[in-house]
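I'd like to walk you through one protein, starting with the whole chain and then stopping at a single residue. Let's bring it up on the screen.

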Amino acid sequence: MNISAETGAIIVAAGKGRRVGGPLPKQWRDLAGRTVLARALDAFLEHPEIGPIALVLAAEDMAMAPGYEGHGGLTVVEGGASRAESVRAGLLALEGHALRDVLIHDAARPLVSAALISRVIAALREHEGAAPAVPLADALWRGENGMVQEIVPRAGLYRAQTPQGFRFTPILAAHGAFRGDPSDDVEVARAAGIEVAIVPGEERNLKITTEEDFARARMFLAADGKGDAQMDIRIGNGFDVHAFAEGDSLTLCGVRIPHDRALSGHSDADVGMHALTDAIYGALADGDIGRHFPPSDPQWKGADSAILLEHACSRMRARGYALANADITLICEAPKIGPHADAMAARLAGIMDLPPGKISVKATTTEKLGFAGRNEGIAALAVVQLVRP
Ligand code: MG
């Protein structure tokens, strides 16, 4: 038997989700200073037993390919509509290398270790297929309508991971023959009669799906002292002014205050909440209120500014940040803010779903100087700090 020692790898990163202005697909997101994809790819590029690598990208991501093609032994190929089609594209790209074995890995597992890759390669010396898995530790239930229906015995149950390794020619044939939507390459292999050995997986080889997974992955990297894994801290500031107009009350930081004037402006002219909202957008480098809620759009006329603040908070949480604290200063001669400051902080905290102790609302005058001093309007300053663990 003529056995080539070479083992190739396919990194599948063809996940969709790229929309202009929408969230980045997770493989392109930052994980402690590098993209998820770059971390997964490096584990294979740096592994001494891995030869040629096919990186499979979504069609809309192929513009990013030149940044990767400088690496020796790396071919970037366009994926298909399904994961299985993308793996097939990767296999075809490696076909000319006459490889004995190939490892197929999901880019969404960026913390795969060199030791784990070695274990899969070692198992392939004796088996036609080998893949890492972790025995189930939690109890397993079958449930329906929020109620436990059945306890499922967990003996012999595993959580499957990647990289999954196979003899090259049989897995290429197996992918060509498979019909349907397999959950992984082991399913494709077994359908073709390929025996797959289980090698010990690793908890740190997690598949990144949720924000919580990003946080766990950062903790693993921080524990290794690897990369720029420290907490990500951002600061934003906001400033807003609204002029007084005829009226009998005004809304400041979500609290309605009787007064002999009102505030004029877009939405409900809540100058304090606008400054706070802009501070959050600022910390995220995500534009300002005017970009997200154009003044030309009549639907926001007279609108409750809580909608704006909730929008900024949802953008913040979607990117994994939490608000550490906010400090708001209202600048006016009248009305008196002091008696309402605690209610304002509580109202803002309520909108943001935070404990009131994280929000400060205070006020100052300008000693009768300037527009605020002349009672022409109210100004507001806000500073926020966002943290991502
Ligand atoms: Mg405003």
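Let's begin with the surface. Please keep in mind that this is a predicted model. The protein has an accessible surface of about 18,700 Å², and carbon and sulfur atoms make up 54% of that. As for what lies inside, 48% of the 389 residues count as buried.

Now the overall build. The protein has eleven helices and 19 strands. Its radius of gyration is 28 Å, while the globule rule gives 21 Å for 389 residues, so the protein is more spread out than a compact globule.

How much of the contact list joins residues 24 or more positions apart? Among contacts with a separation of 6 or more, the share is 71%.

A quick word on charge: there are 39 positive and 49 negative charges, and their mean positions lie 2 Å apart.

Now let's zoom in on one residue. Thr 329 sits in strand E17, which covers residues 322–331. Is Thr 329 buried or exposed? Its relative accessibility is 14%, and buried means under 20%, so Thr 329 counts as buried.

And who are its partners? Setting aside neighbours within four places in sequence, Thr 329 touches Lys 362, Thr 364, Ala 379, Ala 380 and Leu 381.

Technical notes. Residues numbered from 1 in each chain as written. Predicted model: local features only at pLDDT ≥ 70, side-chain atom pairs only at ≥ 80, totals over all residues. Heavy atoms only, no water. Helix = DSSP H or I, 4+ residues; strand = E, 2+ residues; numbered from the N terminus. Rg over C-alpha atoms; globule rule 2.2 N^0.38 Å. Buried < 20%, exposed > 50% of the residue type's maximum accessible area, 1.4 Å probe, protein only. Contact = heavy atoms within 4.5 Å. Areas by Shrake-Rupley, 256 points an atom, 1.4 Å probe, with all protein chains shown as cover. Lys, Arg positive; Asp, Glu negative; His and termini not counted. Charge placed at Lys NZ, Arg CZ, Asp CG, Glu CD.
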